[in-house]
Structures are given as C-alpha cells and as structure tokens.
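Here is a short report on one protein model. Look over the sequence and the 3D view, then read on.

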Amino acid sequence: LFKKYANLKNIIILILSILIINQFLISYFELSIYFNLFARIPEFLFGVLAAFILNKNYIKVKYSNLISFIGIILVIVSFFIVSDSNVPGIIVLIPSIGILMIIFSKDGVINKFLSNSILVWIGGISYSLYLWHWTILAFARYYYQEYELSFVFSIFYFIFSFLFAYFSYKIIETPFRKNTNMKKMLMFIISILVILFVF
C-alpha cells in the first residue's frame, strides 16, 4: 500500500511522529496506551528501517566492533532505565537504536556471538515465545492468586514457555509460513475465531 512512499527519510519521520504523538497520548490515557497497537508501531518500524538500510550496505569491518559494542551497551542500559512507566515513548529509541547498531555490524564480535546456534534457535521461536510467555504467566498468577511466583514455579514457567513456543512454532507458525493455500489458511482462521467466539 505504501510502497510508493516507502523510503528511508519517510520511515524515520513516521517513527519520530508516532513517538511524539505517543508522548501526548500517555498523559491522557496512561495505562491503556501501554497495550495500544498504535503505540507499538515505532518498534516494528525500526525493523522496516533496518531492512531499508541493509539493502544498501553494512557498517565497514573496521568499525564493526566499536559500533556493536556501543549497541550492546545501549541495550544493557535500557534494562535499567526503561520501565512500564515510560513505555511507550521516546525512551524506546535507546534499545531500538542499540539493536540496529548490532544488526548493522555483522562482522563485529557481539554479532558473531549472537549468531551461535543456540541463540539463533531461540530467535527462531522468539515470536511464539513472546506470545506464550505472558499467557502462561497470567494464568499462573490467576490460578495461585499471587503476583510473585515461587522459585520452583518460575522454573516450570520457564520450561513450559519454551515447550509451548516450540510446539506452536512447529505446528502453527512454520506451516502457515510455508503454506501457499490461502483457502485452507482462511478456513483455519475462521474456525479459530468461531471457537473463540463460542467460548
């Protein structure tokens, strides 16, 4: 739809515009904006931005280590300064730029470490893991009527999150990605929606 207008400059303008709008929305809607799809668009657009830049070139080899090191520092720093109270907002620029710096530095030490087979496998199931981890956590908190989980249950939570993510990736995500039969996919989606509506 936006192919005609999709370029580096417009994507950057769009990201900054949405981030600024989010800053105003936060003051009016507070917690509800945290779950708002519009508020999460900038993070997705950073991926689009990366695709556009990577079509051109990567960072030169001699700068890769420096750039990737700065990138990982930004990501680590964000663990301490980013919280529910300031996300969504301009603060997402810090980890997002950090990740971009790591991605662009393909010859850097950090990038090579993140390319090991175990981390690549986790990256492969990461979307399914993202979808399942909160569902399992919310169910556990509701069932036990406790916000903080015990150490033992935390281990089970960790294991089940990965198990559900793996099977979801193998049984649902991968077949959907490879299946070109749109009619079957549409029927499956409609069936799921009907089941959700009934229950």
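## Two crossing helices

Helix H6 (residues 117–124) and helix H8 (residues 151–178) have axes that come within 10 Å and cross at roughly 65°. Axes are lines fitted to C-alpha atoms, for helices over the stretch in contact, and angles run from 0 to 180 degrees between N-to-C directions. H6 and H8 are therefore roughly perpendicular to each other (65 to 115 degrees).

Trp121, Ile122 and Gly124 of H6 meet Phe162, Tyr166, Tyr169 and Glu173 of H8. Contact means heavy atoms within 4.5 Å.

## About the model

This is a predicted model: local features need pLDDT of at least 70, side-chain atom pairs count only at pLDDT 80 or more, and totals for chains, interfaces and linings use all residues. Residues are numbered from 1 along each chain as its sequence is written, and side-chain values use heavy atoms, with hydrogens and water left out.

## Overall make-up

The protein has nine helices and zero strands. Helices are DSSP runs (H or I, at least four residues), as are strands (E, at least two), numbered from the N terminus.

Of the 199 residues, 24% are buried (under 20% relative accessible area, 1.4 Å probe, protein chains only).

## The core and H4

The largest nonpolar core has 14 residues, and Ile15, Leu19, Phe46, Leu49, Val92 and Leu100 touch the most other members. Such a core is a set of buried Ala, Val, Leu, Ile, Met, Phe, Trp, Tyr and Cys residues joined through side-chain atoms within 4.5 Å. Helices H1 (8–29), H2 (37–54) and H4 (93–104) each give two or more residues to this core.

Buried residues of H4 include Leu93, Leu100 and Phe104.

Technical notes
Angles under 35 degrees count as roughly parallel, over 145 as roughly antiparallel, 65 to 115 as roughly perpendicular and the rest as oblique. Buried means under 20% relative accessible area, exposed over 50%, partly exposed in between (1.4 Å probe, protein chains only).
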